[in-house]
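Student: I would like a close look at one part of this model. Could you walk me through a single sheet and its surroundings?

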Amino acid sequence: MIMSQITRPLMGPKNAIIIGCNILSSSIASSLVEQGDKVYVLDPDDRAFDWLEEAKVESQRIVPIVGDGSSRKDLERANASDTDVLLALSEDDIHNALVAQIAKHTYQTRIVACRIDDRKLQKMYPALGVHAINTADISSELFLDTAGS
Amino acid sequence: MHTIIVGGEKIGVSIGEWLVSEGHEIAVIDFDKNACTNIDEALGAVSVFGVCMNVNVLQKAGAERADVVIATTTRDDVNLAACQIAKQMYHVPRTVSIINDQDNADLFDSLGIDLIVNLTNLLTSHIQEGITSNVVAQLMPISGTGNEKSLLMLRVPREYSNSTLPLKSLPLPEGAAVTLVIRRDGTVSFPDETIMLQAGDEVLLIGSDVVERELRDFVARGPTII
């Protein structure tokens, strides 16, 4: 365990898990694969995998897995104990928050971030050691900039 | 004492009934309008309609002056968020959460939820006790000891009705201890080398899973014939 942490390169190809398959996560998955990473994408609904870039799924650089991001069994199917990055990007803030905390505390995943679109909640999570990103805030800023100019 | 119950299904309502009967003030949060109507009928006007993750809803439930938050929904992510919001934003002194997925037990514990009620475990051990004549029962896990100990109860089985079982003959590895002996007539004695147990007596002790197994095996062997 300690050895693998030491020898694991900080840069270079990584294993990543993305929770929730949507237009945002599919675009992030594609970019990570282009950097050389391997990405597992978990979603309970297999229709959501239509968002993923087909060629990358075919070449198995993106691996879709039907499952629940808070289930240890499903996370382990996505290689959770050997993953460097976990991004929880579903539309459900608190589901993301739970999965992020599982990754951090149960699998000691090195890089963990989750999407929390509720502004008040998003402000709370850093105190709990969870890196929370408010995608709604970021896009609303862009729209407001446009509307204001 | 003001308690906020998150989730107004059967468990939430039943806890609410108990708190109200003890004279405490409660608020019950549920996102289902019908559930709220039922809550108000059962407990008086204490329901708050909405989702607990919404800070405005928690505020309406009186989070600022709450002493306890009890999360009783069937979703562990909701229960965790409710407890974390209560602690982080409103400094609620005690948070209690039901967990539905056993795998979350250690996580919730390390995240500082004060009391975790593991429904699956509770039900399983209850059913085990009911369908087997289990002589050793796990009454309550003792958290915070770092090595998974529980309060155990040994009930001396019928096989011992014609003989006695010296208390000191119980196999107790290091770290296990007898705390109390309850005789079948209801009298209570502190552990003592000279106690001879009889059928129907109960022994309360602290020990790990290993102790539980060893005791069970020991008692299953039956009275020793000398």
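Student: In which sense do strand E10 (residues 177-182) of chain B and E11(B) pair, and over how many bridges?

Tutor: Happy to. This is a predicted model, in which local features need pLDDT of at least 70, side-chain atom pairs count only at pLDDT 80 or more, and totals for chains, interfaces and linings use all residues. Residues are numbered from 1 along each chain as its sequence is written, while chains are lettered from A and ligands numbered from 1 in the order in which they are written.

Strand E10(B) and E11(B) pair in the antiparallel sense, over two bridges. Two strands count as paired if DSSP finds at least two bridges between them, and strands are DSSP runs of E with at least two residues, numbered from the N terminus. Within this pair, Val181(B) stands opposite Ser189(B) of E11(B).

Now widen the view. These strands belong to an open sheet of five strands, in the order E7-E8-E13-E10-E11 of chain B, with antiparallel pairing. Its edge strands are E7 (136-142) and E11 (188-189) of chain B, and each pairs on one side only.

As for the setting, the domain assignment of chain B gives domain 1 (2-119) and domain 2 (129-220); such bounds come from an automatic or database assignment. The C-alpha centres of these two domains of chain B lie 35 Å apart.

For contrast, chain B also has an open sheet of six strands, in the order E3-E2-E1-E4-E5-E6, and there the pairing is parallel. Strands E3 (47-49) and E6 (115-118) of chain B each have a single partner strand, so one side of each is left without a neighbour in the sheet. Further in, four bridges join E1 (residues 2-6) to E4 (residues 68-71) of chain B, and Ile5(B) stands opposite Ile70(B) in E4(B).
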